[in-house]
Amino acid sequence: MLREEVRQFVNDAIRTEFPDLPEIPAFSVEPPEHKQFGDYGINAAMLMARELKEHPMDIAERLAARLEMENKKILADVKAAAPGFINATISDAYLLNVLDDVAKNSETWGQADTGNGKTVV
C-alpha cells in the first residue's frame, strides 16, 4: 500500500518536472539493501536519462526536490544518490499515525470485502 503511494508520488513528480516526457518508464520502488539509504530506493531517473538526454543525477536531484517539497507529511527525507537513485525515508509521524489508526480500529483494521461471495477454484 505505502509502496504504491510512493510510486504515485514519483509519477506525479515526473509529470510535473518533465511534462514533455512521452512515457513514464516502469521504474522500481524497492527497499534498499542497506537501511542507511532510507526506506525505498527509486530508479526512475536512470530509466529516464536516455530519453531526456540528461545525466541521471540531474534528473534524480530534480525529482527528489519535488518529492520532498510536495509530500512532507509522508516522506521525511528524500535524496538523490549516485548514479541516479532516489532514496526516500517515510516520516516517523506518518508511521505513528498509521499505528494509531491500527490501534483504534484493531477489530476491523485490514479487513476488506474484496472477493466476498465468489468461489475460488
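Predicted model: local features only at pLDDT ≥ 70, side-chain atom pairs only at ≥ 80, totals over all residues.
Four strands make up an open sheet, and their order is β1-β2-β4-β3. The pairing is antiparallel. Strands β1 (29-30) and β3 (75-81) stand at the edges. Each has a single partner strand, so one side of each is left without a neighbour in the sheet. In general, the strands of a sheet pair through backbone hydrogen bonds, in either a parallel or an antiparallel manner.

Two of the pairings involve β4. Strand β2 (residues 40-42) is joined to strand β4 (residues 85-90) by three bridges, and the two run antiparallel. Within this pairing, I42 has I86 in β4 as its bridge partner. G41 is likewise bridged to N87 in β4. Strands β3 and β4 also pair in the antiparallel sense, over six bridges. A hairpin of three residues connects β3 to β4. Here K79 stands opposite N87 in β4.

N87 therefore has a bridge partner in G41 and stands opposite K79, because strand pairing rests on bridges between strands. N87 is found in strand β4. Its relative accessible area is 13%, so N87 is buried, the cut-off being under 20%. Beyond neighbours within four places in sequence, N87 is in contact with F37, Y40, G41, D77, V78, K79 and A81.

E17 belongs to helix α1. At 16% relative accessibility, E17 counts as buried. With neighbours within four places in sequence left aside, the contacts of E17 are R62, L63 and R66.

Is E61 buried, exposed or partly exposed? E61 has a relative accessibility of 43%, so it counts as partly exposed. E61 and A81 are 20 residues apart along the chain, and their C-alpha atoms are separated by 8.3 Å.

The model also contains pockets. Rolling a probe the size of a water molecule over the atoms shows where empty space is left. The largest pocket has a volume of about 170 Å³. Its lining consists of S28, E30, P31, P32, F37, G41, I42, N43, A81, A82, F85 and N87. The elements that give two or more residues to this lining are β2 and β4. By type, the lining residues divide into seven nonpolar, four polar and one charged.

G117 lies in the segment after α4 (92-104). With a relative accessible area of 86%, G117 is exposed. G117 and S28 are 89 residues apart in sequence. In space, their C-alpha atoms are 34 Å apart.

Methods: Residues numbered from 1 in each chain as written. Heavy atoms only, no water. Buried < 20%, exposed > 50% of the residue type's maximum accessible area, 1.4 Å probe, protein only. 1 Å grid on protein atoms, 1.4 Å probe; cavity = no way out; pocket = protein on both sides within 12 Å on 5 of 7 lines; lining within 4 Å. Points joined across faces, edges and corners; volume = space filled by probe spheres on them. Nonpolar A, V, L, I, M, F, W, Y, C, P; charged D, E, K, R; others polar. Contact = heavy atoms within 4.5 Å.
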